[in-house]
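Subject: Structure for your review

Dear colleague,

Please find the structure below. My notes on the packing and the interfaces come after it.

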Amino acid sequence: MGTMCNRKNIFNGLGLLCFLLLPPFAIQSEQEYLLSLFTRILIYGLAAASLDLILGFGGMVSLGHAVFMGIGGYSVGILAFHSYESLPLLSWPFVLNGTENALLAWPFAVLVAALFGIVTGAICLRTKGMHFIMITLAFAQMAYYFFVSLTKYGGSDGLSLYNRSVFPALNLGSDISFYYLCLTILLVFLIIANRLVRSHFGRVLSACRENEQRVQVLGFASYRYKLACYTFSAATAGLAGVLLVNQAEFISPGLMHWTKSGELMVMVLLGGMGTLSGPVLGAATLLLMEDFLAMYTEHWMIILGPFLIFVVLFAKRGLYGLLMGTGGNHD
Amino acid sequence: MLLFIEQLLNGLQLGVMLFLMSAGLTLVFGIMQVINLAHGSFYMIGAYVAATVAIRSGSFLLGMAVALPVAAAVGMLMELTILRRLYKRDHLDQVLATFGLIFFFNELTRIIWGRQPLFMDVPSWLGGAVELLPGVHYPVYRLAIILVGIFVALFLYLLFSRTRLGMQIRAGASNREMVAALGVNIRLLYTLVFGLGTMLAALAGIMAGPILAVEVGMGESILILTFVVIVIGGIGSVRGALVGALLVGMVDTLGRVYLPDILSLLVSSATADTLGASLASMSVYILMAIVLTCKPAGLFPAQS
Amino acid sequence: MTETLLKAKNLCKHFGALQVCRNFNLQIERGELHALIGPNGAGKTTALDLLTGLLAPDSGTLLLNGRDITKTSVNKRARLGLARAFQVTSLFNSFSVLDNLMLAVQAQQGTGTHFWSRAAHDRKLVASATSFVERMGLLDRATVLAGNLSHGERRQLEMGMALATKPAMLLLDEPMAGLGPGGTLKLSELISSLKGEVTILMVEHDTHAVFALADRISVLVQGEVVATDTPKMIKENKLVQAAYLGGAK
């Protein structure tokens with residue numbers, strides 16, 4: 001038990017060190033594309049870790065998680081768009097103006113994502129198993145087509161931002177400060193989530209994954225626990241979307257496509273389910289692998305597909321599980 | 001009114017395509033308890049093989065005759081090598097592994113056929129249109145699709161109600177252990193069911209070929225609608241798949257045509273157009289959400 | 001002095017054409033140990049499912065402490081004091097013995113929604129759960145995962161889980177099933193030590209244990225309660241004898 005904890009701490013510490021030292025390294029070695037690649041890793045890591053919260057801990061297999069990223073991203077994008085055009089977003093029942101101020105736009109975006117999470121979650125969580133997978137998928141597709149049809153905001157071509165959100169005392173236009181902001185947000189989330197899964201609440205949630213009926217017989221309203229977790233996870237994914245639209249200064253419905261949700265799932269699995277930091281490792285692995293394979297062949301998916309099947313069939317505990325040895329995983 | 005009849009037929013035609021896709025998939029769901037995201041890949045494979053053969057030989061029927069067994073063979077091979085290992089795993093593993101299969105099949109198709117879509121002609125003997133009612137002209141090819149769908153539905157009905165194999169499949173959907181206890185070779189049964197499912201998907205793909213472009217990713221767009229159909233109909237129920245497919249086909253088709261008109265009665269026409277278009281593209285999902293809110297297990301739950 | 005705790009009036013339930021519960025009537029007094037027996041397939045587990053709320057009856061009413069709970073959800077019933085130990089033990093296998101019990105204690109304390117405090121650092125919770133570990137005689141197994149327990153230990157833990165929610169009424173579904181003579185004895189002692197502290201409804205096949213433990217016995221035949229009486233009178237009941245002679249047991 002003790003050695004395992006140490007191993008985990010060493011691994012997490014080393015990982016953090018790598019992330020901390022990356023920007024100076026990238027600049028020293030004049031490979032600045034690394035900075036944007038790793039910023040994306042941090043952001044996808046955040047989204048994947050939030051998915052892990054419902055997938056690995058709550059046992060809710062959602063195939064529509066990317067939709068929350070899209071909604072968070074579009075909220076920031078649309079607010080910025082209205083700010084450039086100086087058109088109010090809403091004129092009735094109250095006036096809502098666009099804004100590029102991160103302190104206004106970002107919480108708003110997270111709130112919208114959470115709201116979408118709680119409404120769709122309330123419907124999705126009435127179902128279980130296969131139905132749940134498909135209904136989350138269907139809601140994501142619904143949002144996808146909704147944004148495709150919004151021609152005002154670019155439709156399927158997407159929406160470009162002129163610049164990143166304005167953050168007080170921090171120039172987000174600088175890739176380095178943006179990178180460190182993303183890293184900070186990811187760390188804060190991991191700390192909160194880590195606390196959450198060890199809390200009273202987290203235990204009830206894990207118990208739901210194993211045997212929801214038994215949890216109810218004990219007297220817990222399991223539905224509410226799952227819905228709360230689902231909503232929190234949605235809000236976090238929304239925040240990841242906010243960061244992503246700022247990183248790329250562009251958003252399109254493609255971000256919400258179900259294959260993106262699938263990729264998030266792949267990241268969770270690659271890294272290790274139910275480990276929180278595992279999915280960050282998974283995101284890094286997937287994105288780096290893509291980057292690496294794409295240098296050799298444009299058909300890199302022909303390698304990725306079978307690799308994925310191999311991992312599912314033979315290395316279920318993910319990379320994190322392999323690194324931790326036995327006991328690193330939850331089960 | 002004439003437009004309405006035409007649109008009804010279009011909805012029926014889409015419903016038939018969805019039925020072909022969902023009948024196979026719902027059986028696989030219901031009997032093997034496995035989620036197969038790669039079902040759309042067989043739709044694509046069927047379309048590609050048929051298009052290639054038809055373009056080379058000039059015969060649509062020959063294309064179909066080659067594509068159906070090829071798709072079924074690929075499907076059964078996939079069942080034997082990969083899916084079989086997933087039956088006992090949880091749904092998450094199934095989703096991820098079949099997601100990997102989609103990557104594989106899509107990229108393989110790109111390597112073999114390239115990035116350019118293939119275009120397949122409507123066979124000349126099914127070309128043209130017929131006058132169904134005075135003033136209602138409808139393409140023969142689309143009517144043929146509807147007929148094929150009715151034929152398949154009848155075939156499945158007879159298969160399930162009249163044959164021994166069909167009984168075993170139905171029994172397998174409701175009680176796996178029982179069927180195994182009765183000495184039915186459950187593995188072979190699974191492989192056969194899977195082959196049947198992929199063949200139906202391929203049939204849908206082949207028939208879609210002359211209407212749509214044959215391209216990579218065509219499987220995924222219909223796959224999601226297929227899921228909606230299955231969820232609405234009730235997982236594992238072929239009858240549910242039929243009803244769900246027709247419902248989704250109708251709602252989607254009629255919604256796209258009439259929602260902007262209906263909305264223009266309420267709001268200005270420009271707003272109605274955009275609003276109508278977005279509502280129409282979401283209509284089937286809204287339908288699904290409503291059905292699931294009232295009946296979480298779908299309209300015809302297979303297992304009670 | 002007797003006071004009715006649970007009362008089922010004319011509960012009916014059918015699955016398709018099969019009537020599994022017909023006019024199920026049962027009255028349980030506070031503090032008694034009531035046993036429900038009957039031949040195989042009499043609908044005993046279904047009856048418990050109806051009482052717990054895992055199944056909804058087609059008709060009839062169910063009163064707990066005089067309050068109508070026919071339409072109350074499973075988790076609300078649990079909070080009103082109905083606890084159940086399952087026949088096929090359903091523990092949280094990846095949780096340790098202590099963690100399983102902590103969850104049950106959490107349900108009773110209503111601390112499930114605390115999302116920041118670490119459960120393992122909650123002294124009151126740990127102490128309370130530990131006391132149940134001790135009471136169930138599992139102290140030396142406290143850190144073992146529930147999935148790795150022996151059959152008998154799982155039964156003990158299952159019982160402890162139900163008890164830890166501090167129920168007004170405990171429903172035991174065949175607690176002795178699959179236990180050897182030693183295990184049966186151990187569990188009988190445990191159950192009899194609970195007598196008076198908590199009202200118990202026990203479904204059980206082991207007639208020896210039932211007649212030794214129960215205050216009153218109800219006999220269920222084909223979904224219907226045909227007799228309710230003291231063990232002594234039940235033994236002499238002609239109707240019951242007929243049912244058992246015709247039954248599988």
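Helices here are DSSP runs of H or I with at least four residues, strands are runs of E with at least two, and both are numbered from the N terminus. The model is a predicted one, in which local features need pLDDT of at least 70 and side-chain atom pairs count only at pLDDT 80 or more, while totals for chains, interfaces and linings use all residues. Residues are numbered from 1 along each chain as its sequence is written, and chains are lettered from A and ligands numbered from 1 in the order in which they are written.

H9 of chain B covers residues 218–233, and its axis lies 10 Å from that of H11(B) at an angle of about 25°. Axes are lines fitted to C-alpha atoms, for helices over the stretch in contact, and angles run from 0 to 180 degrees between N-to-C directions. On the H9(B) side the contact consists of B:Leu225, B:Val228, B:Val231 and B:Ile232, and the H11(B) residues include B:Val284, B:Leu287 and B:Val291. Two residues are in contact if their C-beta atoms, placed from the backbone, lie within 7 Å. By class, the contact of H9(B) with H11(B) has ten nonpolar residues, no polar and no charged. Ala, Val, Leu, Ile, Met, Phe, Trp, Tyr, Cys and Pro count as nonpolar, Asp, Glu, Lys and Arg as charged, and the others, Gly among them, as polar.

H11(B), residues 269–294, also packs on H10(B), residues 238–264: the axes come within 7 Å and cross at roughly 160°. H10(B) is therefore roughly antiparallel to H11(B). This crossing is right-handed. Among the residues that meet are B:Leu247, B:Val251 and B:Gly255 of H10(B), and B:Ala272, B:Gly276 and B:Ala280 of H11(B). The contact of H10(B) with H11(B) divides into 13 nonpolar, five polar and three charged residues.

**Chain B as a whole**

Chain B holds eleven helices and two strands, in the order α-α-α-α-β-β-α-α-α-α-α-α-α along the sequence. Its radius of gyration is 20 Å, close to the 19 Å from the globule rule for 304 residues, so chain B is as compact as a globular protein of that length. The radius is taken over C-alpha atoms, and the rule is 2.2 Å times the number of residues to the power 0.38. The C-alpha trace of chain B spans about 60 × 50 × 40 Å along its principal axes.

**Interfaces of chain A**

Chain A puts 37 residues in contact with 36 residues of chain B. On the chain A side, H5 (129–149), H9 (258–271) and H11 (301–314) each give two or more residues, and H5(A) gives the most, with 15. This side has 27 nonpolar, nine polar and one charged residues.

Towards chain C, 20 residues of chain A are in contact with 26 residues of chain C. H6 (175–198) and H7 (200–218) of chain A are the elements that give two or more residues to that side, and H7(A) supplies the largest share, twelve residues. The side of chain A that touches chain C has eight nonpolar, six polar and six charged residues.

Regards

Methods: Parallel < 35°, antiparallel > 145°, perpendicular 65-115°, else oblique. Left-handed = near helix turned anticlockwise from the far one by under 90°.
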